Amino acid sequence: MKRLIGVGVGPGDPELVTVKAVRVLREADVVLVPVLAGSDPKAPAGRPIPEPGRAETIIRGYVDADKIKRLEFALNDTGGVTPRRAAAWRAAATAVAAEFAGGASTVAFGTLGDPNLYSTFSYLAQTVRDLVPGVDVQTMAGITAMQDLASRAGISLAEGTEPVTLVPLNGGAGALDAALASGATVVGYKVGAAASPAAQTLRDRLHHAGRLEDAVIGARLGLPGEIIAPAAEFLTAPSPSTPKPAPTPEPRNIPDIPYLSTLIIPVRRPSRGSSLARDQSAPETRRTDGPSGRSYAARCSIGPAEAMGPAEASGPAEASGPAEPARGRVSFVGAGPGAPDLLTLRGAKVIAAADVVIWASSLVHPDVLTHAPKNAEIVDSAQLPMEGVLPYYERAAREALNVARVHSGDPSLWGAIQEQLEQCAALNLDTEIVPGVSSFTAVAARIGRELTIPEVAQSVILTRLGGGKTPMPPGEQVAEFARHGTTMALFLSAARSAQLQDELLAGGYPPDTPCVIAFQVTWPDELIVRCALADLAASIKERKLWKHTLVLVGPGLAAEGSRSHLYHPGHFHGYRKADRQARKQLRAASRPTPADGP
């Protein structure tokens, strides 16, 4: 059996790779990473060899360099929509087929973030299937930039019944306007790409929608040059009349948006606000031109985290100076959807350094506890209300203890952590949020589908059905979101399957729209069912799937789509120039026809 595996390696921080991803990369016969044309280290003398890309840099921390091979994606001798372009795209898949022909049984392809969200892996996989009949294509879910930015900026992406909408901004400002109109949390991807709105345009759109004040932008997360800043500050171009700075450097606005930045516009919550940080004001701009403040080993190890030494578990040593009183700390750790090896390395490290580990046996796999120290106090919170957990936080404050509060999935998505963070703030406890793999990306990986197919579905809406214990805010009904016709992931909605089906149909999805029902994804008793929307309620009721069930719906679950522009030779960005002929043909192909309207 030949296997091609797309492995998500996270947004940039090597500690946000999952345990499972490291195992897959190490067990593969060869690991391929995307590079630009002319980047092959075996290229003839005189051809430039750039530094390793982000994905390759992360993977080198866990895999021997001689196993990693660079795979060219944009060949400058092809262009546009001609047969030469098709030949160039096929060349990448041919290189994969050659690895199988040479004896490899498992080929891994490393990609930033998650391979099923705005990734080129699905297009590579489609062509490889044509060249290698019977190849088994799989994906390994990864932490997305949205999750890392939310945890770093102290933003709760969703609480209660709130939805989240993912929008690619290189599709133009219209998609952003439509998403902002819903009032829900909006995540903008591909900010800074060639076709995305300019900084001033983004600022104007956010200001017009009344959403500028709370928005946050992040770039190069976990890497040198990292930026996390309020959008109101970052998206302001310098005034032409502003005099040149004095000899002493002063803070200045940043006119250019780094390539592939991420923008989060959190929902307005009148009662609590969207920030999870102790200081509810907007975060200060953080721009790091040197290495990130995080400390990484030159070569990372994997295994039960309890084997880590004290220095490795606690991070870099503090600079000498007056000692401050020790403070307790509560870390909210996302354990992923179920499989214990989908825990991130950072999550395992936090658990390994904990004095107390609080976990819910009803939601989190018990093997996650293998990372806890042998002398750690283990508390099962499955039957505890908040009042039952609070005494452990109070003791952590008194005794300066480290508490690992382990949640299923990702804590920023319906994690019920807001009230806990407020209690920690009242107790003067330090807090941290460690992102985890969400069930919606895990389901996409299990069914081998990308959720964002060009020209079919370029946005993803995360929401839940109203009518339960928690009421939906105005304008956030499933039927309203269904009118967008894009990919939707519906959490906590299976118990009212008839209502769910009715609202999806009422919103405009055709009865034959493909759906995926996923129960206990990545657990031993996992069940995944495909059906048409017209059969959704019956399929759920027939199998008695009331809890722990996620529903995906949308035309992208069945469509093949067209080629992404990201690795097209006619596409340019801050790290690559476009082939002129390819650029002309790409622009001609993208130009709307009269029938498309203005």
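Colleague: Where is alanine 416 found?
Modeller: Alanine 416 is in the loop between S15 and helix H12 (418–426). Helices (H or I, at least four residues) and strands (E, at least two) are DSSP runs, numbered from the N terminus. This is a predicted model: local features need pLDDT of at least 70, side-chain atom pairs count only at pLDDT 80 or more, and totals for chains, interfaces and linings use all residues. Residues are numbered from 1 along each chain as its sequence is written, and side-chain values use heavy atoms, with hydrogens and water left out.

Colleague: What is the phi of alanine 416?
Modeller: Positive, about 55°, although alanine 416 is not a glycine.

Colleague: Is alanine 416 buried or exposed?
Modeller: Alanine 416 is exposed, with a relative accessible area of 58%. Buried means under 20%, exposed over 50%, partly exposed in between (1.4 Å probe, protein chains only).

Colleague: And where is glutamine 520?
Modeller: In the loop between strand S19 (514–519) and strand S20 (527–532). Glutamine 520 has a positive phi too, near 50°. Glutamine 520 is buried, at 15% relative accessible area.

Colleague: New topic. Which strand order does the open sheet have?
Modeller: S14-S13-S15-S12-S16, 5 strands with parallel pairing. Two strands pair if DSSP finds at least two bridges between them.

Colleague: Which are the edge strands?
Modeller: Strand S14 (377–380) and strand S16 (430–434); each pairs on one side only.

Colleague: How many bridges join S13 and S15?
Modeller: Strand S13 (residues 356–359) and strand S15 (residues 402–407) pair over 4 bridges, in the parallel sense.

Colleague: Which residue is the bridge partner of isoleucine 358?
Modeller: Arginine 405, in S15.
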